[in-house]
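Take a look at the model below. Keep the sequence beside it as you read.

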Amino acid sequence: MTQTLAPHDVALDAVPEPTRLLTGQPAGMPGVQSEADAPPDPRELRDDQVDGQELTARLARTWGTRKGIIGALSTVDHKIIGRRYIITAFIFLFLGGLSAVAMRMQLARPESGLIGPDLYNQLFTMHGTTMMFLFGVPIGEAFAVFLLPLMLGTRNIAFARLNAYSYYVYLFGGAMIWFAFMLNIGPDVGWFAYVPLSGPEFSPGKRVDFWAQMITFTEVAGIAVAVQIVVTVFKMRAPGMTLDRIPLFVWAELVNAFIIIFALPAVVTASVMLIMDRLVGTHFFNPAEGGDALLYQHLFWFFGHPEVYIIFIPATGWVSAIVVTFSRRQAFGYIPLVLSMIATGFLSFGLWVHHMFTTGLPQLGASFFTASSMLIAIPNGIQIFCWIATLWDGRPVFRTPLLFVMGFFFIFVAGGLSGIMLASVPIDAQVHDTMFVVAHFHYVLIGGNVFPLLGAVYYWFPKFTGRMMSERLGKWHFWLAFIGFNITFFPMHITGLMGMPRRVYTYLPEMGWGNLNLISTLGATMLFASFVVFLVNVVVSARRGALAGPNPWDAGTLEWATSSPPLPQNFDRIPVVTNREPLWAHRNTLPVVAGLSVENREVIISTATAGRADLKESSPEPSIWPFLAAIATTVTFIGSIFTPWAIVWGGLPTTITLLGWFWPKGVKEDEA
Amino acid sequence: MTGWLTRGLPSAGIYAGPTAWLISTQANYALVPWVCANQIRIIPLVAVMMAAASLLGGFLSWRGYITAAPTPHPDSTGAGRPHRFVALIGVGIALLFTAVIIIHGIAGMVFHGCER
């Protein structure tokens with residue numbers, strides 16, 4: 001396939017597609033026909049037969065969401081679901097942040113009695129679990145759900161009903177664990193829930209079961225969205241969007257989706273085995289019965305280290321988009337940037353043992369993971385240099401999104417340097433489980449995800465809402481966050497080197513850690529204040545911000561070609577891409593493809609490499625079944641915490657809802 | 001096979017490099033107890049073989065790049081030629097993973113496998 005396509009003029013290929021779809025002329029290789037070659041049904045209204053306001057209104061009716069609660073719960077519009085995903089992930093970010101503030105208050109002075117040891121254990125577990133599973137994984141996917149179809153020039157995400165289902169499963173799983181916490185049955189064994197501490201002998205009761213089942217919820221949702229992302233990117237791109245014209249943000253989300261698909265099953269396996277040890281008496285992790293406690297750590301960290309990159313790689317997409325737009329030039333080193341993303345994705349699977357350096361593994365075995373851990377700095381370094389070169393050679397405009405990217409450079413590089421220190425076995429053995437490690441991974445994760453994320457919110461807020469965020473509040477937000485972050489986490493390097501362990505609810509005054517901890521708590525207060533400013537900015541700007549227009553930043557990618565916020569159909573006519581920055585190449589008129597149905601939900605399916613229009617395919621209508629299926633799944637999962645028979649009895653409603661969802665109803669287009 | 005060597009395969013490096021590195025990591029990690037017990041330094045040998053496999057992938061990608069059709073012409077951003085793009089990514093990834101594999105092999109020359 002690859003070879004046969006090579007001789008064709010791919011750049012010119014984008015041009016005949018509108019004609020082909022319009023006239024129904026055969027395309028592609030001689031002798032190779034597809035459904036798209038069938039002549040259009042003359043009774044069906046197509047977008048070359050109407051124009052202007054009428055076309056917009058008709059398409060909005062076809063692709064719109066019905067009013068009312070049933071309509072809202074049935075929606076399959078990627079923008080509505082994406083917006084819900086983003087807001088939910090931010091609510092979990094705030095909850096995770098509040099639990100961190102509570103911990104910092106407790107640690108502000110020695111022998112503080114503000115929070116007892118049991119609640120403290122629950123707090124750090126909820127903080128880590130929320131940030132990693134309920135915020136870190138979903139936030140990247142949430143942005144993809146909203147933005148990918150817009151950036152790729154299509155009208156919805158692939159498997160749109162699965163998208164709705166995955167959101168509800170994620171929401172219910174996250175709500176479940178936070179309700180458990182509020183009822184004082186929140187998990188208390190750390191975000192990784194190591195055995196034997198989390199096993200039946202040392203953690204009786206239901207706390208760990210809630211943790212393990214929450215993993216199942218979020219992983220089901222995460223993998224489902226990742227599959228949608230992969231299919232959307234490979235098969236639903238606008239005609240002419242060859243692999244090397246895909247926006248860098250989309251590449252980041254694609255690599256991220258592959259990591260999710262291959263990494264998350266490991267932690268689901270670990271959590272299911274843990275539940276079985278706890279509920280049905282298996283002994284996977286019980287050495288006394290031939291099990292292996294270290295097996296749990298291997299399974300967990302085979303997910304856990306790629307998880308770091310699941311959090312970081314979407315941020316490389318946000319940074320790339322912001323740097324290009326505000327530098328006013330295309331990305332310096334597009335190919336090295338994509339190469340780095342792909343290489344990082346692969347390498348992220350060969351680092352997990354560096355989380356287990358103190359478990360007594362042979363030094364030779366550990367050295368292989370040291371090598372990979374150190375060399376992953378190469379692709380990450382390439383990315384940093386490409387972004388700096390883009391800024392250096394461009395005409396940077398320092399608006400709030402770019403300020404957050406600047407903060408990202410400083411903080412993430414500092415975190416990367418301490419990461420290289422930790423990749424060394426002797427250093428890691430010395431500082432293992434100390435506050436030094438806490439400092440390191442907060443520099444990497446907050447620097448590598450949260451700062452770019454905040455920049456991304458300022459950048460795409462006009463697209464989400466149609467209004468601009470306040471620049472003045474944005475600058476306040478940035479400086480409070482940047483200074484507050486460094487005051488909070490930099491001293492932790494020192495407290496860690498002084499020997500302060502992680503996950504202790506208090507310490508003695510004689511240890512000499514009091515002053516540094518007080519400084520960290522003051523910094524945390526400043527960081528908290530920065531988020532208050534952010535929240536005020538979001539709420540006020542959403543109501544009274546200046547109107548944005550379609551492309552307020554004069555950006556080059558396709559999401560800025562449509563209105564802000566976008567109409568249900570995204571585009572009245574599907575754009576044809578002839579350049580990596582289509583809106584910069586066609587400043588006045590964007591070439592479009594015509595011939596799609598106005599009355600039915602029709603999308604273009606394109607070829608994976610060259611982005612040739614290949615098929616016209618139906619996109620799913622709204623349906624309540626994904627919501628009902630998510631409820632049935634939730635009942636089954638939560639019930640199985642209390643009895644394994646819930647899997648059997650819960651299977652019935654789950655099956656019924658899935659049957660309702662998948663039952664062949666005929667496609668509206670075929671019945672027309 | 002001969003056709004592959006002459007015409008190349010643009011994506012070969014993307015698959016060969018990481019696959020060779022995966023085998024190198026897993027095989028070397030599994031071989032550590034054997035190396036300790038027998039004191040035969042087999043890890044550099046595994047690394048050399050896997051590095052060769054990775055480089056072969058990079059070579060096929062390179063062939064895919066230089067034998068690609070001269071058309072279509074790139075757009076103003078240098079894009080629009082996805083096979084050349086994939087081939088260059090393949091070469092780069094193969095080289096990077098070859099470097100990682102070689103460092104695995106060097107570790108096998110430094111340690112004798114019994115250190116804890």
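Is Val100(B) buried or exposed? Val100(B) is buried, because 29 other C-beta atoms lie within 10 Å. The rule behind the word is this: a residue is buried if 20 or more other C-beta atoms lie within 10 Å of its own, exposed if 12 or fewer, and partly exposed in between, with C-beta atoms placed from the backbone.

## Model and numbering

This is a predicted model, in which local features need pLDDT of at least 70, side-chain atom pairs count only at pLDDT 80 or more, and totals for chains, interfaces and linings use all residues. Residues are numbered from 1 along each chain as its sequence is written, while chains are lettered from A and ligands numbered from 1 in the order in which they are written.

The predictor gives the complex an ipTM of 0.94 and a pTM of 0.92. Chain B has a mean pLDDT (the predictor's confidence in each residue, from 0 to 100) of 91. In chain B, 99% of residues reach 70 or more. Confidence there is lowest in helix H1 (residues 2–7), with a mean of 80. It is highest in helix H3 (residues 43–66) of chain B, at 95.

## Chain A as a whole

Chain A has 23 helices and four strands. Both are DSSP runs, numbered from the N terminus: helices are H or I with at least four residues, strands are E with at least two. Of the 672 residues in chain A, 54% are buried. The C-alpha trace spans about 85 × 60 × 55 Å along its principal axes.

The radius of gyration of chain A is 26 Å, which agrees with the value near 26 Å for a compact globule of 672 residues. That radius is taken over C-alpha atoms, and the globule rule is 2.2 Å times the number of residues to the power 0.38.

## Two domains in chain A

The domain assignment, whose bounds come from an automatic or database source, gives domain 1 (75–544) and domain 2 (624–670) of chain A. Their centres, taken over C-alpha atoms, are 30 Å apart. Contact links 15 residues of domain 1 to 11 residues of domain 2. Two residues are in contact if their C-beta atoms, placed from the backbone, lie within 7 Å.

On the domain 1 side, helix H8 (160–182) and helix H9 (207–235) of chain A each give two or more residues. H8(A) has the largest share, with seven residues.

## Where the chains meet

Between the chains, 39 residues of chain B are in contact with 38 residues of chain A. Helix H2 (12–38) and helix H4 (82–110) of chain B each supply at least two residues of the chain B side. H4(B) gives the most, with 14 residues.

Val100(B) lies in this helix H4 of chain B. Leaving aside neighbours within four places in sequence, Val100(B) is in contact with Ala371(A), Ser372(A), Leu375(A) and Trp21(B). Its C-alpha atom is 13 Å from that of Asn28(B), which is 72 residues away along the chain.

## What the record lists

An unreviewed UniProt entry lists "transmembrane region" for residues 12–31, 43–65 and 85–111 of chain B. UniProt positions follow the numbering used here, feature names are shortened, and annotations may be inferred rather than shown by experiment. In the model, residues 12–31 of chain B are 100% helix, and their end C-alpha atoms lie 27 Å apart. Residues 85–111 of chain B are 96% helix, with end C-alpha atoms 40 Å apart.
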